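Work through the exercises below with the sequence and the model in view. Each task is followed by a solution in steps.

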Amino acid sequence: RQQRTLKVKIPAGVIEGERIRLKGQGAPGIGDAPAGDLYLQVRFAPHPLYLVEGATLTITVPIAPWEAALGCKLTVPTLEGGINLTVPANSQNGKRMRIKGRGLGKGDNRGDLYVVLRISMPPAATDSEQALWRQLSEVSSYDPREHWGKNV
């Protein structure tokens, strides 16, 4: 056995678990037989933005409560650059939106990108912001626990 370093170009569109064949870079054959092939299996390091599942990418995007309630437009990073996405009014925490063909892969075999909304509360409210939250609680009839625990 000998150890050596090889410079390998990873082709665009490769997905995790895929194998790359390096012809003639394996162990020497018996007798005068040529060296065999070396196979590399692709593994991805964790990405700070994307969760990778096969060719599918998932990105979690934080939005403010008022953006979820009123709807908004935001820019979502993709592998090819940012795209504009419209978040519909009355969106719930955890809502998944599919962007077809923006995942991993090549050509027509590209996976999808899923955008998951995460409603993020401001860290501290000013007095005027607290007054607005109080006003909303007084005029709203919404009860988030209306059906909670009734099917137990």
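## Exercise 1: Salt bridges around E80

R102 and E80 form a salt bridge, with 3.6 Å between the closest N and O atoms. The model is a predicted one.

Solution. 

Task: are R102 and E80 buried, partly exposed or exposed?

Solution. 
1. Buried requires a relative accessible area under 20%, and exposed requires one over 50%.
2. R102 has 27%, so R102 is partly exposed.
3. E80 has 46%, so E80 is also partly exposed.

Task: find what R110 contributes to the surroundings of E80.

Solution. 
1. R110 forms a salt bridge with E80, at 2.9 Å from N to O.
2. R110 lies in the loop between strand 7 and strand 8, and E80 in the loop between strand 5 and strand 6, so this pair joins parts 30 residues apart in sequence.
3. The relative accessible area of R110 is 25%, so R110 counts as partly exposed.
4. Taken together, E80, R102 and R110 are linked in a network of salt bridges.

## Exercise 2: The bridge of D112

Task: which residue does D112 pair with in a salt bridge, and where do the partners lie?

Solution. 
1. The partner is R98, and the closest N and O atoms are 2.7 Å apart.
2. D112 sits in the loop between strand 7 and strand 8, while R98 is in strand 7; the pair links distant parts of the chain, 14 residues apart.
3. D112 has a relative accessible area of 14%, which means that D112 is buried.
4. In total, the structure holds five salt bridges.

## Exercise 3: Rings and charges

Task: how many aromatic pairs are there, and which arginines sit over a tyrosine ring?

Solution. 
1. Ring centres must lie within 6.5 Å to pair; by this rule there are zero aromatic pairs.
2. For a charge over a ring, CZ of Arg must be within 6 Å of the ring centre and within 35 degrees of the ring normal.
3. The charged end of R19 is over the ring of Y39, 4.2 Å from its centre.
4. R96 lies over the face of Y114, with 4.2 Å to the ring centre.

## Exercise 4: The largest pocket

Task: describe the volume and the lining of the largest pocket.

Solution. 
1. The space in the largest pocket is about 780 Å³.
2. Its lining has 21 residues, and P65, W66, A69, W133 and L136 lie nearest the centre.
3. The elements that give two or more residues to the lining are helix 1 (65-70) and helix 2 (127-139).
4. Helix 2 provides the largest share, six residues.
5. By class, the lining has 13 nonpolar, seven polar and one charged residues.

## Exercise 5: T58

Solution. 
1. T58 is part of strand 4 (residues 56-63).
2. T58 has a relative accessibility of 10%, so T58 counts as buried.
3. T58 and A45 are 13 residues apart in sequence, and 15 Å separate their C-alpha atoms.

Technical notes
Residues are numbered from 1 along each chain as its sequence is written. This is a predicted model: local features need pLDDT of at least 70, side-chain atom pairs count only at pLDDT 80 or more; totals for chains, interfaces and linings use all residues. Side-chain values use heavy atoms; hydrogens and water are left out. Rings of Phe, Tyr and Trp (its six-membered ring) pair if their centres lie within 6.5 Å; planes under 30 degrees apart count as stacked, over 60 as edge-to-face and the rest as tilted. On a 1 Å grid over the protein atoms alone, a cavity is a set of points where a 1.4 Å probe fits but cannot get out, and a pocket is an open set with protein on both sides within 12 Å along at least five of seven lines; lining residues have an atom within 4 Å of a point. Grid points are joined across faces, edges and corners, and a volume is the space filled by probe spheres set on the points. Helices (H or I, at least four residues) and strands (E, at least two) are DSSP runs, numbered from the N terminus. Ala, Val, Leu, Ile, Met, Phe, Trp, Tyr, Cys and Pro count as nonpolar, Asp, Glu, Lys and Arg as charged, and the others, Gly among them, as polar. A salt bridge is a side-chain nitrogen of Lys or Arg within 4 Å of a carboxyl oxygen of Asp or Glu. Buried means under 20% relative accessible area, exposed over 50%, partly exposed in between (1.4 Å probe, protein chains only).
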